Amino acid sequence: MILLTLSALTLAAPAAAAPPLARTRGRRTARLARGTLRLPELELPPVVVEAPEPEVPPPTLGDVGVALAKIPGPTIPPEIRAMLDAAIAANDEAGVATIVKYARSGDPGSADLVLRQASDWRTARARAHDERLQQASAFELWTGKAEAGGFISTGNSNITGLTGSADLTREGLRWRHRLLGQADFQRTDGVTSRERYTFGYQPNYKVSDRAYIYGNLGYESDRFLGYVSRYAVSVGAGYGVFRRSGLTLDLEAGPAFRQTDFTDDFMQSSLAARGSMNLNWTLIGGLRLSQEASAYLEHYNSTVRSVSALEAKLLGPLSAKFSYTVQYESEPRDERLSTDTLSRLSLVYSF
């Protein structure tokens, strides 16, 4: 009886609640299931909107705009243009620069146009100059001058003198070549009283517009200064201190080697330091001053030579030239004087 009663109570009692840990795991599993649910993507057809282009009315200037549009732009006045064209046709760099300088005060509105035209001319001129230098052969582009003079005196003394020289220069794009030659001869009463011959060659390599590297080869013969022959070789650097229209000044310096054969059969060779200057200055139209000087400083015998000249234009390529030459030898042989001078008047032909 007691066993039946306990069984009935057990069946009638409600089921025990699940433990808390089991309920938590169940909710987490449900949330994970909901998180992995994927919905199908919706495919929407493209939408095209067609709209007419907006109509923009054409711009209208109005009365004021039309009047402004009819105003002409700046132009070069006929007088200034005529002067500028004439200077360009004459290849006159100084004239073009002067017109550009005063165009601003004469007509400020056209000053920029004048400057632009002058700049275009200079650019085209420089390009044509470089092309000509590149295409020229070795026998072209030579310029220079030839000088000749002489005198005859009869009566109490019979004197005959002749002098001549040539100075040639070739300007290349990178190289400058210069050739020099000179001869002086004089007889007095049938006896030779002066006899001098010189020759020189100098190549220059242009590093920039002003700086260059030079080489110099020289030969001299002057028995009345005490030497039969003298050879000189030099290399060094040169610089153009002035490069203006009508004014140039070049300075050079470098080591040298000289060999001298004196009239007493003594030969001397030594290293030396060489320096030189070359000045050309146009004082006024047709009148030019030049000054050339060179010095060889060595242990045994130093030499300083200076040539000052004044040249006046006569007619076309002809000019008259007066020059004064001084040559100094620090240790002359055979008790000769240290200083020798020569004044010369000659006719010069430039080409």
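**Exercise 1.** Work out how the lining of the largest cavity splits into nonpolar, polar and charged residues, and where that lining comes from.

*Solution.* Start with the classes: the lining has two nonpolar, four polar and seven charged residues. Keep in mind that we're looking at a predicted model here. Next, the head count: 13 residues line the largest cavity, and Arg194, Arg305, Thr325, Gln327 and Asp340 are the ones nearest its centre. Now trace them to strands. At least two lining residues come from each of β3 (175-188), β4 (191-206), β11 (318-329) and β12 (339-350). Of these, β12 gives the largest share, with four residues.

**Exercise 2.** Find how many cavities of 30 Å³ or more the structure holds, and how much space lies in the largest.

*Solution.* Run the cut-off of 30 Å³ or more and you're left with one cavity. As for space, the largest cavity holds about 70 Å³.

**Exercise 3.** Decide how helix α5 is oriented relative to helix α6, and what sort of residues make their contact.

*Solution.* First, the axes: those of α5 (residues 93-106) and α6 (residues 111-135) come within 8 Å and cross at roughly 160°. Angles over 145 degrees count as roughly antiparallel, so α5 is roughly antiparallel to α6. Then the hand: the crossing of α5 and α6 is left-handed. Now for who touches whom. On the α5 side, the contact uses Glu93, Val96, Ala97, Ile99, Val100, Ala103 and Arg104. From α6 come Ala111, Asp112, Val114, Leu115, Ala118, Trp121, Arg122 and Arg125. Sort the contact residues of the α5 and α6 pair by class and you get 10 nonpolar, five charged and no polar ones.

Technical notes. Residues numbered from 1 in each chain as written. Predicted model: local features only at pLDDT ≥ 70, side-chain atom pairs only at ≥ 80, totals over all residues. Heavy atoms only, no water. Axes fitted to C-alpha atoms, helices over the stretch in contact; angles between N-to-C directions. Parallel < 35°, antiparallel > 145°, perpendicular 65-115°, else oblique. Left-handed = near helix turned anticlockwise from the far one by under 90°. Contact = heavy atoms within 4.5 Å. Nonpolar A, V, L, I, M, F, W, Y, C, P; charged D, E, K, R; others polar. 1 Å grid on protein atoms, 1.4 Å probe; cavity = no way out; pocket = protein on both sides within 12 Å on 5 of 7 lines; lining within 4 Å. Points joined across faces, edges and corners; volume = space filled by probe spheres on them.
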